[in-house]
Amino acid sequence: MENIGITTTVPVEIIFAAGYKPIDLNNVFITSKSSSLYIENAEKSGFPRTTCSWIKGIYSACMKLQIKKVIAVIQGDCSNTHALSEILQTNGIEIIPFAYPYDKDEKTLNHEILKLIDNLGTTWEAVMDVKKNLDINVRRKLNLIDSYTWKDNLVHGEENHYYLVNSSDFNGNYIKFEDKIDDFIKEIKKRDKILKKIRIGYIGVPSVFTDLYEYIESLGGHIVFNEIQRQFSMPYNTSNMIEQYLLYTYPYSIFVRIEDIREAINSRKIDGIINYVQTFCFRHMEDIILRKRLNIPLLTIEGDKPGNLDARTKIRLETFMEMLKQNKH
Ligand code: SF4
């Protein structure tokens, strides 16, 4: 199976149907023991210091794995992806562009999906077969893990993050990934409930901090919502492929995301929100809107390079958790 690199979630059903192995380059970067080296290598290749770490990590991951084709989301993810895909192209990598329409126009998205099907040389029927399989055997079970997290308090926030974030590429093999989920679900059922009192929602792109979840738990918090990671898992229960990718909130406006976050705050009885922002990311500005529109205590933390939490962020988290505890009393 030939690898195809992806820079964010794309209609992965098409990649599998065409017989390729999807590789989410973000995951390759962040799960590497030498992720700092990825940043260093990108900077040595000329990436400015003021480029976000994820972009530098994706670049180095692509080079390290000698990926030949990359599907680059040129609308609906990150404006830096434009320049990144052009740099990759100059290194001989084939770039397949994919665009989510900002206005959520069904026809435009349909057109983009058909274009990708055509480009990868598969058929609508084959794609729908994969979709059915993924929906029944994998996405449904990921949704179950999510509900074991917030309804039953049996799954830790970090475990929830791990399974949901990996649904962008299903670790390249959704059959093996399903086996892993099945084993995990069997184990969950034997567990005792997590007795943390403060229910936290995590919003924003996945963090580069390696000990964030652990630290929040040590302060008495239970992360019951991983916003973007949950979106990657697409828990929408629709047999319509176009509708599925229209319900996916991440590529569209911040207001669509806010509706989803509000719903989670109510249904999951969230006490406070941690909004993670990446240094040098344009999404940092959206914090202004989130603060105006979300009527709940919200702490914004910023991460730059992969590694442990810095002392200042730890103190801010401690103060925030203390305030939430006081509010609860
Ligand atoms: S964190 Fe922001 S700047 Fe970095 S890749 Fe993601 S969207 Fe782009």
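Predicted model: local features only at pLDDT ≥ 70, side-chain atom pairs only at ≥ 80, totals over all residues.
Which residue stands opposite G5 in β3?

**View 1. Strands β1 and β3 pair side by side in the parallel sense.** V70 of β3 stands opposite G5. Strand β1 covers residues 3–6, and strand β3 covers residues 69–75. Two bridges link this pair.

**View 2. The sheet around β1 and β3 is open and has four strands.** Read across it, the order is β2-β1-β3-β4. The pairing is parallel. The edges belong to β2 (21–24) and β4 (94–99). Each has a single partner strand, so one side of each is left without a neighbour in the sheet. Neighbouring strands here are turned by 30 degrees against each other on average, direction ignored.

**View 3. Helix α5 packs on this sheet.** Residues 80–90 form the helix. Helix α5 touches β3 and β4. The direction of α5 makes about 155 degrees with that of β3.

**View 4. A second open sheet also has four strands.** Its order is β6-β5-β7-β8, and its pairing is parallel. Which strands are the edge strands? They are β6 (221–226) and β8 (298–303). Each of these pairs on one side only. On average, neighbouring strands of this sheet are turned by 30 degrees against each other, direction ignored.

**View 5. Strands β5 and β6 pair over five bridges, with helix α8 packed on their sheet.** Strand β5 spans residues 198–204 and pairs with β6 in the parallel sense. Look for R199: its bridge partner in β6 is H222. Helix α8 (residues 157–165) touches both β5 and β6. The direction of α8 makes about 20 degrees with that of β6.

**View 6. Helices α3 and α4 cross at roughly 90 degrees.** Helix α3 runs over residues 35–44, and helix α4 over residues 53–64. Their axes come within 8 Å. On the α3 side, the contact is made by S35, Y38, I39, N41, A42 and E43. On the α4 side, S53, K56, G57, Y59, S60 and A61 take part. By class, this contact has five nonpolar, five polar and two charged residues.

**View 7. A shell of residues lies around the ligand.** Which residues are they? They are C52, W54, I55, C78, N80, V205, Q278, C281 and R283. The shell divides into six nonpolar, two polar and one charged.

**View 8. The whole chain has 15 helices and eight strands.** Its C-alpha atoms fill a box of roughly 60 × 45 × 35 Å along the principal axes. How does its radius of gyration fit a compact globule? With 329 residues, such a globule would have a radius of gyration near 20 Å. The chain has 19 Å, which agrees.

Definitions and conventions. Residues numbered from 1 in each chain as written. Near = placed C-beta within 6 Å. Nonpolar A, V, L, I, M, F, W, Y, C, P; charged D, E, K, R; others polar. Pairing = 2+ DSSP bridges. Axes fitted to C-alpha atoms, helices over the stretch in contact; angles between N-to-C directions. Contact = placed C-beta atoms within 7 Å. Rg over C-alpha atoms; globule rule 2.2 N^0.38 Å.
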